[in-house]
Amino acid sequence: MSAKTGKSKKEKKADYFERLVSLLEQYNKILMVSCDNIGSLHMQKIRRSIRGKAVLLMGKNTMMRRAIRSNLSRNSKWEQLLPHIKGNIGFVFTNDDLIEVKNLLVASRVPAVAKINAVAPVDVVVPKGPTTLEPTKTSFLQALNIATKINRGTIEILNDLLLIKKGDKVGSSEATLLQMLDMKPFSYGLIITQIYDGGTTYGLEVLDMTDGDILGKFMAGLGRLTALSLGASYPTVTSFPHVVLNAYKNLLSIAFGTGYVFTQAAKLKEMVENPGAFVVAAPVVAAAPAAGKKEKEEPKKKEKEKEKEKEESEESGDVGFDLFG
């Protein structure tokens, strides 16, 4: 029996079972979350951030499975949760919009340094550019095959560097370098692993789909259905317009080849036999360029007239000089 609560382990298990089943009956949507590398203080902040929107329940996997299995008579769809209860898992119960609750969980993530032997949840890239490191650290960076140069008394990294790949363990040299650069490449918080919505389970990628993604997948499926219907010669609503169009093309081919004309082919046949009759003459716009050309020519004409008058005056002046000189 516990000295703090006065309840035995059996009574605590019974209370937990009752609470879990009560939440399952009360809420139709569940975000199954992984909660590795989360401290108690961080967990309290997460609970406060989702208060009024959702309820977070943690527990041992064996207790969760036992509680669900023993109450499948109430709702057989709960059985879909069992295969996903593995690892350090928890349930976020809600009846609100799933995307809104997901955004609250994402916002509650906190940045963290890369610790030695920690498994990298993402790729870690050291960006090129100036750093605050002194030139004495050049040898350390060279040992990690990082190209550098000295710029204004500090080390500058010349190229982007993939330091740690996702899923790899963080080494001592990598952890030291990230600490020297004051980089916190990781972030920790609740990670959504599976979603239960009204008896259906699916992955997070489905929740992240936009209306455009859904429309694109629908149109791709529609195209495959149409191709299958045409290939199998099985008429459907999607293939019917193509069947009619193909039949019309076949009739046009017969009409052009035999000279037989029907109403729907008459105009097309006429266009093929006499294409010149359907050519639309392009409008001729000559007034504006002519006017512009005329405006350019008038100054030249005036200049020529002035030069002519000048020459005539000079000739007349020479004549006068010779007579009275």
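**Close-up views of a predicted model**

K12 lies in helix α1. The model shown in every view is predicted.

**View 1. A patch of positive charge on the surface.** K9, K12, K13, K60 and R66 gather here. Helix α1 covers residues 9–26. Helix α1 gives the most to this patch, with three residues. K12 has a relative accessible area of 40%.

View 2. The structure holds two aromatic pairs. In one of them, Y27 and F93 sit 6.2 Å apart, centre to centre. Their planes are 40° apart, and the pair is tilted. Y27 is in the loop between α1 and β1, while F93 is in strand β3. The two residues are 66 residues apart, so this pair links distant parts of the chain. Both Y27 and F93 are buried. F91 and F93 also form an aromatic pair, with 5.8 Å between centres. Here the planes are 90° apart, and the pair is edge-to-face. F91 has a relative accessible area of 0%. F93 has a relative accessible area of 0% as well. Ring pairs link Y27, F91 and F93 into a cluster.

**View 3. A salt bridge between R74 and E25.** Side chains of opposite charge can pair when their charged atoms come close. The count for this structure is four salt bridges. In one of them, R74 meets E25, and the closest N and O atoms are 3.1 Å apart. R74 is in the loop between α3 and β3, and E25 is in helix α1. The partners are 49 residues apart, and the pair links distant parts of the chain. R74 is exposed, with a relative accessible area of 51%. E25 is partly exposed, at 46%.

**View 4. A network of salt bridges around K53.** K53, D96 and E100 are linked in this network. The side chains of D96 and K53 meet at 3.8 Å, N to O. D96 lies in the loop between β3 and α4, and K53 in the loop between α2 and β2. This pair therefore ties together parts that are 43 residues apart in sequence. K53 and E100 meet at 2.9 Å, N to O. E100 lies in helix α4, so its pair with K53 ties together parts that are 47 residues apart in sequence. D96 is partly exposed, at 26% relative accessibility. K53 is partly exposed at 31%, and E100 is partly exposed at 34%.

Key:
Residues are numbered from 1 along each chain as its sequence is written. This is a predicted model: local features need pLDDT of at least 70, side-chain atom pairs count only at pLDDT 80 or more; totals for chains, interfaces and linings use all residues. Side-chain values use heavy atoms; hydrogens and water are left out. Patches are made of residues with over 30% relative accessible area and no salt bridge: like charges are joined within 9 Å, nonpolar side chains (Val, Leu, Ile, Met, Phe, Trp, Tyr) within 5 Å. Accessible areas come from the Shrake-Rupley method with a 1.4 Å probe; for residues, only the protein chains shown count as cover. Lys and Arg count as positive and Asp and Glu as negative; His and the chain ends are not counted. The place of a charge is taken as NZ of Lys, CZ of Arg, CG of Asp or CD of Glu. Helices (H or I, at least four residues) and strands (E, at least two) are DSSP runs, numbered from the N terminus. Buried means under 20% relative accessible area, exposed over 50%, partly exposed in between (1.4 Å probe, protein chains only). Rings of Phe, Tyr and Trp (its six-membered ring) pair if their centres lie within 6.5 Å; planes under 30 degrees apart count as stacked, over 60 as edge-to-face and the rest as tilted.
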